[in-house]
Amino acid sequence: MKILPLFALLLVTLEASPAATMRREISQYGITWTFDREYPAGQFVTGDWWVVGPVKVVAVQPPPGPVEAHGGEFKSRYGASAVVDDTRMRNGSMIVLRPDKDQGFDSRLKNYNPELSVSFPLDLGVNRSLISTISNETLPVPVLHEALMWTSEKQSALVLKSAAVLTCLAEEPPKDAFRPPYAGTEKPIFEASKLRWDRLPSLKPVGNVPSWEQFERYFARPWLDHQESWLLQHTGPSENQVNYGREFSRLTSMASLMLMLDVPRERKEKLLIGLVQFGIDLHGLAETGRKWSADGGHWNGRKWPILFAGLMLDDPRLAKLPEGVVFSEDQQMYYGTGWCGQTALYQIVYHTGAKPPHEEKAPETWDKVDKLGEGYRITVSSGLPGTALAVQLMGAKALWNHDAFFDYYDRWMSADDPYAAKRNGIPRPKEEGRSLDPFVNAMWTAYRDKVPVQGGGKDNLRWVWQDGGRQGGFVPNPKGESAGR
């Protein structure tokens, strides 16, 4: 019997599958939706389900509602209450029309709002996405990405276990359609057959390439990111996604670098679809008003998946970021004069209030707030070098439009310390010179000096706090002498 490669099998499956089947019940990731009658339904190229509606969802399993069992309480590393002993809601469902600090999935989180919880039966209208979840019964639980984490971080208090998205459309989508964004009422359809494979570099693999199967699993299910609260760190779903900006950055950058390797196309197909789908979801969130403003390490890693999806799909709807969208990376990196001569600097921007820059001051003068900023500089910086490399390998530096980001990472990843003579005996932080991930380090060493010649951004800006930290905004930040190559 002839064995077909993975990509060929995918094409055969898409071509041979009926456009839709009549279903009264749909199940995915342990969640089952039941309708009042049969409706035409099918699956997007990601495996997520669509249904032609409007439809009446009479029930979901496991059912949402209160529980009898009580659980423990968990606090943040700073002592802020996060998970509380509240039995009102488990296995909640939501329809997300716009970003919100609150959520309706699980009442153990301090930001639970019962008005956001969907009740059944539900009339699910066209161009609406129903998100249903399964709650973890006990806490803490293993994280999806535990293989990448330190022993102390291999488990976390994540209240949600699983989530699935059911999208209601007016008509059947193309067989190779991506799932449209789960947020909002606009449901644009993008097709996998339109992916611009020619835009991916073809680089010789170096170092220990991560497991393709593991990375496919990381991006196989929907990542929920509509919650504008640090409590996302305790939300989950633990079987779907990561929940901190450092790991958003690490996984998306490593995935995109893997897709740039010279390996068979069928090997990359599933991972590419998962990463592009994530970018589509993030773009949909941006369209509904989501901003990923700097707040410690929480909101990094969202900008590149959006730009990557736009490049790969070459669609005008994704080509331009919505006006007013803010990304943490753009706020954190800026041009200035550092205490030992650095010109591309980091600032924490915000953490329980506005925070001033610290890298322009000598370390012996740092107060508690400055030391907090330096701690987050180390946390944030160690997860983003792969993004800086991936953007430039794709020739997308001008599209990113914030040059201080790239100059900062040339400074961070420099094997030698160009500022050693001016440190006055203060050693370079031991974390500098590498990322957290050996694969990224190997790719940086092999390909940083081989990125294609390309222009930079036209709008180099710097975030500045005014009025005692009560108001802030971007101001022009002309590029001076580059702090790196």
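How many nonpolar, polar and charged residues does the lining of the largest pocket have? The lining has 13 nonpolar, 15 polar and 10 charged residues. The model is predicted: local features need pLDDT of at least 70 and side-chain atom pairs count only at pLDDT 80 or more, whereas totals for chains, interfaces and linings use all residues. Residues are numbered from 1 along each chain as its sequence is written, and side-chain values use heavy atoms, with hydrogens and water left out.

**View 1. The largest pocket holds about 1200 Å³ of space.** Of its 38 lining residues, Trp-230, Gln-233, Tyr-244, His-298 and Tyr-376 are the closest to the centre. The elements that give two or more residues to this lining are β5 (74–75), β11 (155–156), α3 (245–259) and α8 (368–381). On a 1 Å grid over the protein atoms alone, a pocket is an open set of points with protein on both sides within 12 Å along at least five of seven lines; a cavity is a set where a 1.4 Å probe fits but cannot get out, and lining residues have an atom within 4 Å of a point. Grid points are joined across faces, edges and corners, and a volume is the space filled by probe spheres set on the points. Helices (H or I, at least four residues) and strands (E, at least two) are DSSP runs, numbered from the N terminus. Ala, Val, Leu, Ile, Met, Phe, Trp, Tyr, Cys and Pro count as nonpolar, Asp, Glu, Lys and Arg as charged, and the others, Gly among them, as polar.

**View 2. The second largest pocket holds about 580 Å³ of space.** Leu-321, Val-325, Asp-330, Asn-401 and Asp-459 are the closest to its centre, of 21 lining residues. Two or more residues come from each of α5 (303–313) and α10 (397–400), and α10 gives the largest share, three residues. By class, this lining has 12 nonpolar, three polar and six charged residues.

**View 3. The structure holds one cavity of 30 Å³ or more.** The largest cavity has a volume of about 40 Å³. Its lining consists of Phe-105, Leu-224, Asp-225, His-226, Gln-227, Leu-232, Thr-235 and Gly-236. These residues divide into three nonpolar, four polar and one charged.

View 4. Rings of Phe, Tyr and Trp (its six-membered ring) pair if their centres lie within 6.5 Å; planes under 30 degrees apart count as stacked, over 60 as edge-to-face and the rest as tilted. By this rule the count is 16 aromatic pairs.

**View 5. Arginine charges sit over aromatic rings.** Such a contact requires NZ of Lys or CZ of Arg within 6 Å of the ring centre and within 35 degrees of the ring normal. Arg-302 lies over the face of Phe-248, 3.5 Å from the ring centre. The charged end of Arg-290 sits over the ring of Trp-299, at 4.6 Å from its centre.
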